[in-house]
Amino acid sequence: MGVIISIKNSFEVEFFFVLDETWQQIGADGSAATTLHQFDRQHMKYFWSMPIWQELIQSKTNQTLMILCLAKQGEKVTALGGDEFVLTISGQARHLVGFILGDINPEEHLFHLFKITTHSNVRRLQIALQGMQTLERWLKERGLDKIFLEVECQNQEAQAFYASQGYRNLHLSKSFYSDGQNAFIMLKDLTLSK
Ligand SMILES: CC(C)(COP(=O)(O)OP(=O)(O)OC[C@H]1O[C@@H](n2cnc3c(N)ncnc32)[C@H](O)[C@@H]1OP(=O)(O)O)[C@@H](O)C(=O)NCCC(=O)NCCS
């Protein structure tokens, strides 16, 4: 259930979709929740607790979709430090270099993006860009045509990324985050892109 894309001048990344029964496949590796929690904690300011990751992995949900960005091990990945987080899927060790996570809302033709992150050592290689394009194709094939998200007003890095992908600011949500920080609500209309 993966899409393999060659990342510019680097290595191949597989975008592996986790939905329904595939959550169970991920959960078969007893350490998956720990790996995802640690990756989240290291790369996201507002990370989820271990119980939330454990509950999600056990849920076999068809509402929450995760796209794992998995690199094939090789000299380049190792040199970049991208082999730090390992997930074992169907008995095979895979190197986690990022993930995208959100909820599918078929009734409203909408995808709510919760999280997107790439390993800090493999940024600006267009992994997030390719991952989002893979997600958009998947959503469009299923009749979903909008992605919305919240981003902390101070997170200029992520805002630059979303702006480069055609997201627009809808409004400001005051004290959106647990520490009182404000968020911009951003939206992308997939019918406007190819
Ligand atoms: C935001 C994030 C996912 C981008 O991942 P990435 O794999 O480095 O992004 P890409 O290489 O695919 O970037 C694609 C384009 O987005 C824009 N972009 C990405 N990061 C940028 C930055 N730090 N500054 C300015 N523009 C940026 C650029 O236009 C870039 O294209 P270019 O490199 O050819 O100029 C990554 O920085 C990250 O994980 N940040 C921490 C977690 C986070 O804040 N997530 C969002 C929470 S709402």
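Let's start at Ile 67: skipping its neighbours within four places in sequence, Ile 67 is in contact with Phe 15, Phe 16, Phe 17, Phe 99, Ile 100, Gly 131, Thr 134 and Leu 135. Contact here means that two C-beta atoms, placed from the backbone, lie within 7 Å. Before going on, keep in mind that this is a predicted model, where local features need pLDDT of at least 70, side-chain atom pairs count only at pLDDT 80 or more, and totals for chains, interfaces and linings use all residues. Residue numbers run from 1 along each chain as its sequence is written.

Ile 67 also belongs to the largest nonpolar core, a set of 48 residues in which Ile 67, Leu 68 and Cys 69 touch the most other members. Such a core is made of buried Ala, Val, Leu, Ile, Met, Phe, Trp, Tyr and Cys residues joined through C-beta atoms within 7 Å. The top contributor is strand β3 (residues 64–71), with 7 residues. At least three residues of this core come from each of domain 1 (2–144) and domain 2 (145–194). Those domain bounds come from an automatic or database domain assignment, while helices (H or I, at least four residues) and strands (E, at least two) are DSSP runs numbered from the N terminus.

Now for the two domains themselves. Their centres, taken over C-alpha atoms, are 20 Å apart, and 13 residues of domain 1 are in contact with 10 residues of domain 2. On the domain 1 side, β6 and α5 each supply at least two of the touching residues, and α5 gives the most, with 5. That side divides into 8 nonpolar, 2 polar and 3 charged residues. For this sorting, Ala, Val, Leu, Ile, Met, Phe, Trp, Tyr, Cys and Pro count as nonpolar, Asp, Glu, Lys and Arg as charged, and the others, Gly among them, as polar.

Next, the ligand. Both domain 1 (2–144) and domain 2 (145–194) give residues to the shell around the ligand, so it lies between them. The shell holds 19 residues, and the closest are Arg 123, Ala 128, Leu 129, Ala 160 and Ser 164; a residue is near the ligand if its C-beta atom, placed from the backbone, lies within 6 Å of it. Two or more shell residues come from each of β6 (110–118), α5 (127–141) and α6 (156–164), with α6 giving the largest share, 5 residues. By type, the shell has 10 nonpolar, 6 polar and 3 charged residues.

Over in helix α1 (residues 22–27) sits Trp 23. Trp 23 is buried because 20 other C-beta atoms lie within 10 Å; the cut-offs are 20 or more for buried, 12 or fewer for exposed, and partly exposed in between, with C-beta atoms placed from the backbone. Leaving out neighbours within four places in sequence, Trp 23 is in contact with Val 18, Ile 57, Ser 59, Lys 60 and Thr 61.

Ser 90, in the loop between β4 (86–89) and β5 (92–105), counts as exposed because it has 9 C-beta neighbours inside 10 Å. From Ser 90 to Lys 174 the C-alpha atoms are separated by 43 Å.

Finally, look at strand β8 (residues 168–173), which is hardly covered: the count of buried residues among its 6 is 0. β8 pairs with strand β9 (residues 183–189) in the antiparallel sense over 5 bridges, pairing requiring at least two bridges found by DSSP. Within this pair, Ser 173 stands opposite Ala 183 in β9.
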